[in-house]
Amino acid sequence: MKTVKAFAPATVANVCCGFDILGFAVDSPGDEVILTQKNEPGVVVKKIVGDGGRLPLEANLNTASVAVQSFLSAIDSTVGIEIELFKNLPLGSGMGSSAASAVAALVGINYLFGNKLTREELIPHAMEAERIACGSAHADNVGPSLLGGFVLVRDYHPLDVVKIPVAANLYCTLVHPQIELKTEDARRVLRPSVALKDAITQSGNTAGLMVGLMSGDTNLISRSLKDVIAEPVRSVFIPGFEAVKSEAVKAGALGCGISGSGPTMFALSGSHEIALAVGEAMQRQFLKYNLKSEVHVSRINLDGAKIIDL
Ligand code: HSE
């Protein structure tokens, strides 16, 4: 019987200006899965730990099993697989929780098949899981969780995913206030069209962020971490958003915004010490809005999901 255990990291999608096209991975937290080959065909979710009983065990509804099913059908395999999922990422947090489960499962199943597919080739299967989770097959969480580092989705039709060679040494602070926000709901409030002036501002910032990341120009990164498309309509879901963001910048962050679809807020900083101070400042500010929060400080994860010892 073949068994494998895999880990996939949390991710920050959008990174302010890159709505649906940009994301990066952190070292921790992340989800883990154990996959075991079984004798009968079919993919089964045997148990889920850490979700408070809220995630579906049905193989067609769970992001880990949907990703494995998609992989197996692509390689024409009817092998049976049992999945145990260990959720360390909170649901509805904006930290790429559904993506991490799918990516860990995919890296595990691919390993069992002798790494038949490349990490890039796994992305569409992970996107199928995102479609199940929130109705939209975006790649800005699954891309960085699979590849590590900062990842740009240059195009969806056809899919063109690019890992960005980053020169800047950055640290991420994630502050997760104790509220839950479904990606589906946070997508519903988005306006269907974008004003030309906003498209220009957003493109300028996205391009500026790319140049800043690649050249290590932290001042340019800082000037570019702005979002005029999603943040104005989504920040209303996060009590104290503007005040928390302003405290992050006062504490030395290069920039701060909504992680994915929220409610977690992220900040990027130039050192571990600053990233810790930023986390404390943001947490303190959330408390003024009667919100407790969890803080995670991490380097940027450069390698993405990995196989771990059982
Ligand atoms: N880009 C997606 C969104 C990420 O903002 O809706 C979801 O985590």
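**Close-up 1. Pro158 sits in the loop between β5 (150-156) and β6 (159-163).** Strands here are DSSP runs of E with at least two residues, while helices are runs of H or I with at least four, and both are numbered from the N terminus. A cis peptide bond links His157 to Pro158, with omega at about -5 degrees. For background, most peptide bonds are trans, and most residues other than glycine have a negative phi. One thing to keep in mind for every view: this is a predicted model, where local features need pLDDT of at least 70 and side-chain atom pairs count only at pLDDT 80 or more, while totals for chains, interfaces and linings use all residues. Residues are numbered from 1 along each chain as its sequence is written, and side-chain values use heavy atoms, with hydrogens and water left out.

**Close-up 2. Ser261 and Pro263 turn up in the loop between β8 (255-258) and β9 (265-269).** Here is another cis peptide bond, running from Gly262 to Pro263 with omega near 5 degrees. Ser261 has a relative accessible area of 7%, so it is buried (buried is under 20% relative accessible area, exposed over 50%, partly exposed in between, with a 1.4 Å probe and protein chains only). Its side chain makes a polar contact with the side chain of Thr183, at 3.0 Å. A polar contact is a pair of N or O atoms within 3.5 Å; within protein, one must be able to donate a hydrogen and the other to accept it, and residues adjacent in sequence count only if both atoms are side-chain atoms. Setting aside neighbours within four places in sequence, Ser261 is in contact with Gly94, Leu181, Thr183, Ala186 and Arg234 (contact means heavy atoms within 4.5 Å).

**Close-up 3. The largest pocket has a volume of about 720 Å³.** A pocket, on a 1 Å grid over the protein atoms alone, is an open set of points where a 1.4 Å probe fits, with protein on both sides within 12 Å along at least five of seven lines; lining residues have an atom within 4 Å of a point. Grid points are joined across faces, edges and corners, and the volume is the space filled by probe spheres set on them. Of the 40 lining residues, Gly92, Ser98, Ala133, Cys134 and Thr183 lie nearest the centre. Helices α2, α3 and α5 (183-188) each supply at least two residues of the lining.

**Close-up 4. Helix α1 is mostly covered, with nine of its 12 residues buried.** Those buried are Thr63, Ala64, Ser65, Val66, Ala67, Val68, Ser70, Phe71 and Leu72. Their cover includes β3 (42-49), β4 (80-86), α2 (97-112) and α3 (119-134). At 1.5 Å a residue, α1 (residues 63-74) should span 16 Å, and its end C-alpha atoms are 17 Å apart, which agrees; the expected span is 1.5 Å times one less than the number of residues. At the start of α1, a side-chain oxygen of Asn62 comes within 2.9 Å of the backbone nitrogen of Ala64. After α1 comes Asp76, with a positive phi near 55 degrees.

Close-up 5. Cys16 isn't a glycine, yet its phi is positive, about 70 degrees. Asp20 also has a positive phi, near 65 degrees. Cys16 is buried at a relative accessible area of 3%, and Asp20 counts as buried at 13%.
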